Amino acid sequence: MIINSLITFVALVGVTVAQNATLRYMPFGDSITEIICWRAKLWEKLKDTEWGTVDWVGSGKGENNCGDTTYDRDNEGHSGFLAIDIANKNQLVGWLKTNPADVITMHLGTNDIVQQNKPVTDIIDAFTTLVGVMRESNPSTKLVVAQIIPMGLGNYNTQIQNLNKAIIPWAEGLNTTESPIWVVDQYTGFSSTDLRDGVHPNDAGDTKMMNVWYPALINAFKVAEADKLAAASKHVEIPFTA
């Protein structure tokens with residue numbers, strides 16, 4: 001009887017841990033997250049791995065006619081939005097309340113520079129506010145932040161490079177063990193020929209972006225899963241057996 005009870009208990013622990021360990025991933029940003037196809041390509045590359053069951057979350061389903069009707073289109077990309085506005089208007093608060101996430105990728109800042117020529121320091125301050133919102137929603141948020149892609153029009157790339165340089169020390173300053181921040185370089189190796197309209201990636205650009213996101217996202221998933229499994233195990237009560 002005791003052996004049977006222990007076997008049942010072990011089985012229940014496994015089920016509880018598995019249920020609590022389901023990962024939620026939010027692609028977060030502007031139109032370079034929303035009306036593109038790197039998300040579809042990323043989902044395709046992940047689907048046959050152990051991370052194929054990760055739940056992609058967000059209030060939108062926008063894309064760029066990617067030709068895949070099966071992938072999880074949920075995302076929090078908002079075309080035309082500025083990081084500064086999202087932060088100042090507390091928009092991320094509501095988005096995360098509706099769709100909490102364990103792992104977030106962020107490609108943001110393009111519109112701040114292109115639309116309003118915002119100072120890099122203001123954009124970085126907005127990033128800090130957004131990280132605070134993420135951690136308020138989930139103290140164990142794992143964040144992958146992009147050094148953003150270049151533009152193929154105008155004279156914006158110097159300012160984009162300045163932002164990208166500032167992202168690294170900013171991330172190092174906010175990085176914690178519980179809620180790490182990793183930086184990926186989406187700028188280097190990306191050229192105007194990888195853009196369909198001077199702003200958004202074409203098929204080649206989507207593939208480049210996907211390939212940069214992929215290893216960092218795999219790592220973030222592994223860290224997030226380990227944390228969730230540990231937390232779930234701690235909250236399973238051990239039954240008393242006389």
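Modeller: One term to begin with: a salt bridge is a side-chain nitrogen of Lys or Arg within 4 Å of a carboxyl oxygen of Asp or Glu. By that rule, K208 and D194 meet through their side chains, 2.7 Å from N to O.

Colleague: Where do K208 and D194 lie?

Modeller: K208 is in helix α9 and D194 is in the loop between β6 (181-185) and α9, so the bridge ties together parts 14 residues apart in sequence. Helices (H or I, at least four residues) and strands (E, at least two) are DSSP runs, numbered from the N terminus.

Colleague: What am I looking at, and how are things counted?

Modeller: A predicted model, where local features need pLDDT of at least 70, side-chain atom pairs need pLDDT 80 or more, and totals for chains, interfaces and linings use all residues. Residues are numbered from 1 along each chain as its sequence is written, and side-chain values use heavy atoms, with hydrogens and water left out.

Colleague: Back to that bridge. Is D194 buried or exposed?

Modeller: D194 is buried, at 4% relative accessible area. Buried means under 20%, exposed over 50%, and partly exposed in between (1.4 Å probe, protein chains only).

Colleague: How many salt bridges does the structure hold?

Modeller: Seven. One of them joins K41 to D203, with the closest N and O atoms 2.9 Å apart. K41 sits in helix α3 (residues 38-46) and D203 in helix α9 (residues 203-234), so this bridge ties together parts 162 residues apart in sequence.

Colleague: And the accessibility of D203?

Modeller: D203 counts as exposed, with 53% relative accessibility. K41 is partly exposed, at 22%.

Colleague: What does K228 meet in a salt bridge?

Modeller: The side chain of D102, at 3.4 Å from N to O. K228 belongs to helix α9, while D102 is in the loop between α5 and β4 (103-107), so the two tie together parts 126 residues apart in sequence. D102 is buried, with a relative accessible area of 11%.

Colleague: New topic, rings. How many aromatic pairs turn up in the whole structure?

Modeller: Seven. One of them is Y25 with W56: ring centres 4.8 Å apart, planes at 75 degrees, so the pair is edge-to-face.

Colleague: Which parts of the chain does the pair link?

Modeller: Distant ones. Y25 is in strand β1 (residues 24-29) and W56 is in strand β2 (residues 55-56), 31 residues apart. Y25 is buried, at 0% relative accessible area. W56 is buried too, at 1%.

Colleague: What's the rule for a pair?

Modeller: Rings of Phe, Tyr and Trp (its six-membered ring) pair if their centres lie within 6.5 Å; planes under 30 degrees apart are stacked, over 60 edge-to-face, and the rest tilted.

Colleague: Which residues join Y25 and W56 in a cluster?

Modeller: W51 and F221. Ring pairs link these four residues.

Colleague: What sits over the ring of Y214?

Modeller: The charged end of K45, 4.4 Å from the ring centre. The test is NZ of Lys or CZ of Arg within 6 Å of the ring centre and within 35 degrees of the ring normal.

Colleague: Last topic, the backbone. What is phi of N65?

Modeller: Positive, about 50 degrees, although N65 is not a glycine. N65 is in the loop between β2 and β3 and counts as exposed, at 72% relative accessibility.

Colleague: And phi of N117?

Modeller: Near 50 degrees, a positive value in a residue other than glycine. N117 lies in the loop between α6 (110-116) and α7 (120-137). N117 counts as exposed, at 55% relative accessibility.
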